[in-house]
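Thank you all for coming.

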Amino acid sequence: GEVVYVARSVGDFDNIVMIRHPNDLVTAYARLGEVRVARGDSVSRGQIIGDVAPSDTPSVQFQVLQNMSPVDPAPFL
C-alpha cells in the first residue's frame with residue numbers, strides 16, 4: 001500500500017499512520033511511538049511501519065476502512 005497520512009502525537013492516540021490499499025481500503029494504526037515511514041512511501045506486507053508507544057499497558061489500535069467506513073478488521077489479520 002501507500003502511506004497517505006502520518007500524524008504526530010494526536011492526543012491519547014500518540015502517532016497515527018494510515019495506508020491506502022487497492023479496492024478503496026485504508027488501514028489505520030494508532031498508539032505508535034516511533035514512526036518508520038513517511039507520507040508517500042510504498043509499504044509491503046510485514047514491513048515495520050512503527051513501534052508501539054511506551055505506556056503502562058502498551059497497545060496498538062488497528063482499524064480497517066472501506067470507502068472510509070469502518071469494517072470488521074478480523075478478515076484482514
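Predicted model: local features only at pLDDT ≥ 70, side-chain atom pairs only at ≥ 80, totals over all residues.

Let us begin with Thr 27, which touches Val 17, Met 18, Ile 19, His 21, Phe 62, Gln 63 and Val 64, leaving aside residues up to four places away in sequence, where contact means heavy atoms within 4.5 Å. Residues are numbered from 1 along each chain as its sequence is written, and side-chain values use heavy atoms, with hydrogens and water left out.

Thr 27 sits in strand S3, strands being DSSP runs of E with at least two residues, numbered from the N terminus. Is Thr 27 buried or exposed? It counts as buried because its relative accessibility is 6%, and the cut-offs are under 20% relative accessible area for buried, over 50% for exposed and partly exposed in between, with a 1.4 Å probe and protein chains only. The side chain of Thr 27 also makes a polar contact with the side chain of His 21, at 2.8 Å; such a contact is a pair of N or O atoms within 3.5 Å, and within protein one must be able to donate a hydrogen and the other to accept it, while residues adjacent in sequence count only if both atoms are side-chain atoms.

Val 17, one of the residues that Thr 27 touches, belongs to strand S2 and is buried, since its relative accessibility is 0%. Among the residues that Val 17 touches, again not counting those up to four places away in sequence, are Val 3, Tyr 5, Tyr 29 and Ile 49. The C-alpha atoms of Val 17 and Val 64 are separated by 12 Å, although these residues are 47 apart along the chain.

Phe 62, another contact of Thr 27, is partly exposed, because its relative accessible area is 26%. How many aromatic pairs does a search of the whole structure find? It finds one, formed by Tyr 29 and Phe 62, which is tilted, with 5.3 Å centre to centre and 45 degrees between the planes. Rings of Phe, Tyr and Trp (its six-membered ring) pair if their centres lie within 6.5 Å, and planes under 30 degrees apart count as stacked, over 60 as edge-to-face and the rest as tilted. This pair links distant parts of the chain, with Tyr 29 in strand S3 and Phe 62 in strand S5 (residues 61-66), 33 residues apart.

Terms used:
Helix = DSSP H or I, 4+ residues; strand = E, 2+ residues; numbered from the N terminus.
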